[in-house]
Amino acid sequence: MEKPQYQTPHRGRIQRRLMAWGLGLLSIALLINTFAGFLYTRRGIRDSTVRRQAGIAFFTAQHLQNQLLREIKRLEDAGAAMMLFPFGGEQQRRLAQLFLESGESVREVAILKLDGELVLRLLNNQTQSAARAAAYKNAPEFLAAAAGISYVKAIPGALASEPSWLIMSLPLRDAAGGAS
């Protein structure tokens with residue numbers, strides 16, 4: 001007598017279904033893991049970039065501040081040397097010319113008396129108008145220097161890539177420390 005054979009027609013289908021579900025769940029888990037890793041890495045890169053840019057901005061600001069302080073000190077030293085000579089004299093003009101030529105950052109040197117009279121004006125480039133000399137008397141840089149205060153004002157360039165201009169003025173002091 002023959003043994004009856006049990007057929008399991010559904011057994012192969014169940015295994016395939018379970019395999020498909022398992023692969024589907026594994027694929028979903030891998031996609032979620034990849035997406036979470038992407039977000040984590042993106043945030044890390046952004047945070048790192050922000051920290052690096054903040055550091056660069058800090059050191060750039062320190063460098064510019066030090067450069068500005070050096071220029072102010074240079075201007076003060078030139079002013080002190082100019083005060084050793086009479087207003088508008090040849091020696092004062094020569095010192096102003098040397099100061100103007102000693103660095104490319106200075107475009108103009110002007111010396112005014114306290115009453116606003118222009119004593120000496122030298123330009124590194126001749127592109128400025130002659131009307132500027134008449135405007136000195138009411139200019140904020142002159143009024144600050146006449147009041148005995150150093151003055152620094154930044155003028156931004158037309159484009160972000162262009163450097164800013166600085167207007168600096170200070171009172172000239174004689175050997176006794178008095179303003180002239």
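Two strands are taken to pair if DSSP finds at least two bridges between them. In this predicted model, strand 1 (residues 108-112) and strand 2 (residues 118-123) meet that criterion, pairing in the antiparallel sense over 5 bridges. Within this pairing, Val 109 has Leu 122 of strand 2 as its bridge partner. The two strands, strand 1 and strand 2, form a hairpin with 5 residues between them. The turn of this hairpin contains Gly 116, whose phi is positive, at about 95°.

The helical part of the model was examined for nonpolar surface. Met 19, Leu 23, Leu 26 and Leu 30 together make a nonpolar surface patch of about 410 Å². One of these residues, Leu 23, lies in helix 1, which spans residues 11-82. Leu 23 counts as partly exposed because its relative accessibility is 48%, a value that falls between the limits of 20% for buried and 50% for exposed residues.

Aromatic contacts were considered next. A pair of aromatic rings is described by the distance of the centres and the angle of the planes. A search of the whole structure finds 1 aromatic pair. This pair is formed by Phe 58 and Phe 59, with 5.4 Å centre to centre and 70° between the planes, an edge-to-face arrangement. Planes over 60 degrees apart count as edge-to-face.

Notes:
Residues numbered from 1 in each chain as written. Predicted model: local features only at pLDDT ≥ 70, side-chain atom pairs only at ≥ 80, totals over all residues. Heavy atoms only, no water. Patch = residues over 30% accessible without salt bridge, like charges linked within 9 Å, V, L, I, M, F, W, Y side chains within 5 Å. Areas by Shrake-Rupley, 256 points an atom, 1.4 Å probe, with all protein chains shown as cover. Salt bridge = Lys/Arg side-chain N within 4 Å of Asp/Glu carboxyl O. Helix = DSSP H or I, 4+ residues; strand = E, 2+ residues; numbered from the N terminus. Buried < 20%, exposed > 50% of the residue type's maximum accessible area, 1.4 Å probe, protein only. Phe/Tyr/Trp six-rings, centres within 6.5 Å; stacked < 30°, edge-to-face > 60°.
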